[in-house]
Amino acid sequence: VASYDSGNLIKSCLESLKNQNTDQLLEIIVVDSSMDGVSNLIRETFPDVRLYHFFERKFCGDARNFGLSVAEGEIIAFVDADCRADQNWANQILKAHQSSHLAIGGAIANGNPESTIGWAAYFCEFSQWMPGFPSRKMADIAGANMSYKKRAFKEYGLFIEGTYSSDTEFHWRLGRNKSCLQFI
């Protein structure tokens, strides 16, 4: 989880990860560059989370690359700090990665369904990853819910750093190999 001034939103995210309905061992890593004290909240509330705090701002690609460098697993999943994972999220990812696809993306539900503005923002950003769409190959997957076989980064390099949209640029590189990206 890349965190930058995520405030209390990250608490719901980490609770959803901690409460996964799986018998598999999961490592939860947070790379935080917040100045809002969220690192203290994580340390106190989630002592099992591997927390790495940086005093300089880390864009998502920078934070994800650092997380990759310390992750021990062969399947790497990213979720945004303001998201909550379904209780079967981890199992669905592990099952999907039994395929040959290097990257698997999942659906993104609207986190603010009571708001008209929330729906407008949701449709603009996440319309192609709405729940209920069939599994399919895609040119890009949402950074809020994406996972990879770790070898994808050995074969295609890391996320670009120091900018936004590093996930999209990485997916373009993967997209040159048509069998890499899958939406579940």
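Me: What do buried, exposed and partly exposed mean here?

Reply: Buried means under 20% relative accessible area, exposed means over 50%, and partly exposed lies in between (1.4 Å probe, protein chains only). Asp5, at 39% relative accessibility, therefore counts as partly exposed. The model is predicted, so local features need pLDDT of at least 70, side-chain atom pairs count only at pLDDT 80 or more, and totals for chains, interfaces and linings use all residues. Residues are numbered from 1 along each chain as its sequence is written, and side-chain values use heavy atoms, with hydrogens and water left out.

Me: How do I read phi, and where does Asp5 sit?

Reply: Most residues other than glycine have a negative phi. Asp5 has a positive phi of about 45°, yet is not a glycine. Its place is the loop between strand S1 (2-3) and helix H1 (9-18). Helices (H or I, at least four residues) and strands (E, at least two) are DSSP runs, numbered from the N terminus. Ser165, also not a glycine, has a positive phi of about 65°. Ser165 lies in the loop between helix H6 (151-156) and helix H7 (166-175).

Me: How many residues of H7 are buried?

Reply: Seven of the ten, so H7 is largely enclosed by the rest of the structure. The buried residues of H7 include Phe170, His171, Arg173 and Leu174. Their cover includes helix H3 (60-70), along with strand S5 (103-105), strand S6 (145-149), H6 and strand S7 (181-183).

Me: Which residues have the most contacts inside the largest nonpolar core?

Reply: A nonpolar core is a set of buried Ala, Val, Leu, Ile, Met, Phe, Trp, Tyr and Cys residues joined through side-chain atoms within 4.5 Å. The largest one here has 47 residues, and Val1, Leu14, Leu17 and Tyr148 have the most contacts inside it. H1 gives the largest share of this core, four residues. Take Leu17. Leaving aside neighbours within four places in sequence, Leu17 is in contact (heavy atoms within 4.5 Å) with Val1, Leu26, Ile28, Val79, Ala85 and Trp89.

Me: What lines the second largest pocket?

Reply: Rolling a probe the size of a water molecule over the atoms shows where empty space is left. On a 1 Å grid over the protein atoms alone, a pocket is an open set of points where a 1.4 Å probe fits, with protein on both sides within 12 Å along at least five of seven lines; lining residues have an atom within 4 Å of a point. The second largest pocket is lined by 26 residues, with Leu26, Glu27, Ile75, Ile76 and Ala77 nearest its centre. Strand S4 (75-79) supplies the largest share of that lining, five residues.
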